[in-house]
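Morning, everyone. Please look at the model on the screen, and then we will walk through it.

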Amino acid sequence: MLLRLAIYWIGFVVIVLLFALTKIFDHEDECIKYKPVSEKYRNAIKVLDEVCYRLFVLCMVIYFFYNIYMLTLRYSIITQMASLSFIVFFSFLFLESILEDKEWEYFNSVKDFIQGLLVILSLVGFVAYLGMICFFMMSGTHWSGRETDRYEEYAYSIDILEMREVPYTNTYGWYVRSNPSNAYYYDVVNENGNITTEVIDGHEYYVERDEDNNYISNPHIEVYYAIQPCYNIYTMKTFEDVVNKRYVICIPEDSIYYENER
């Protein structure tokens with residue numbers, strides 16, 4: 001999927017470059033009409049202008065069908081919205097160009113109204129597409145893949161001395177197997193040999209308790225990372241990012257674990 005995103009991004013850049021080159025050569029072609037230049041230079045500009053324009057149109061058509069393909073993949077909401085916006089923009093622009101080439105014997109006002117409507121709809125699609133592309137570019141250094149590609153791995157363990165559970169007074173959400181109304185305070189020994197208190201927010205993180213007497217000699221907290229594959233559209237490199245954590249509190253049964261009511 002990352003290759004498809006790279007092609008999508010490269011396609012956009014190629015279209016922008018071809019559009020810019022077409023405008024540059026078109027402007028130069030108009031300017032040299034009033035300048036004493038050689039016929040060879042004049043013909044070269046005309047050829048370059050024509051080649052860039054044809055390549056631009058060809059790439060637009062190919063990019064249109066590629067957007068349809070990307071839309072069917074349903075990769076992410078951003079790519080779906082960008083693809084849909086480009087499809088709307090190109091479709092209405094194409095219909096407007098067809099009407100522009102047709103001569104209506106009657107009802108020219110109707111033709112003008114339809115053309116105007118198509119231009120407006122095309123502009124709406126174009127603005128929406130640019131908005132999605134800008135968002136795509138701003139998030140390009142940290143472009144996440146699908147959630148289905150996310151995986152979990154063990155990160156590290158925290159040795160604890162004591163655990164306390166303190167209920168919240170207000171909560172706004174919860175995890176399926178976690179108790180969100182609690183904050184989990186635990187005492188650990190720091191690098192200086194002193195005891196310090198840390199906290200796990202049960203409302204923010206997924207927390208499970210594993211109470212077993214096997215942990216009498218080693219009460220600890222296991223930390224698991226949720227890893228999300230990401231993609232940098234500028235360097236075209238993949239990397240992994242920690243997007244969430246899960247805690248498993250491994251403590252003996254009814255020994256050092258108790259509730260502390262607030």
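Which residues does Phe12 touch, not counting residues up to four places away in sequence? Phe12 touches Tyr63, Tyr129 and Ile133. Contact here means heavy atoms within 4.5 Å.

Some ground rules. This is a predicted model, where local features need pLDDT of at least 70, side-chain atom pairs count only at pLDDT 80 or more, and totals for chains, interfaces and linings use all residues. Residues are numbered from 1 along each chain as its sequence is written, and side-chain values use heavy atoms, with hydrogens and water left out.

Now the core. The largest nonpolar core has 24 residues. Such a core is a set of buried Ala, Val, Leu, Ile, Met, Phe, Trp, Tyr and Cys residues joined through side-chain atoms within 4.5 Å. Buried means under 20% relative accessible area (1.4 Å probe, protein chains only). Phe12, Tyr63 and Tyr129 are among those with the most contacts inside this core. Helices H1 (2–31), H2, H3 (77–100) and H4 (108–138) each supply at least two of its residues. Helices are DSSP runs (H or I, at least four residues), numbered from the N terminus. H1 gives the largest share, seven residues.

On to H2, residues 39–73. H2 has 35 residues and reaches 51 Å from its first C-alpha to its last. That is close to the 51 Å expected, taken as 1.5 Å times one less than the number of residues. Which H2 residues are buried? They include Ile45, Phe56, Met60 and Tyr63. Just after H2, Arg74 takes a positive phi of about 55°.

Technical notes. Buried means under 20% relative accessible area, exposed over 50%, partly exposed in between (1.4 Å probe, protein chains only).
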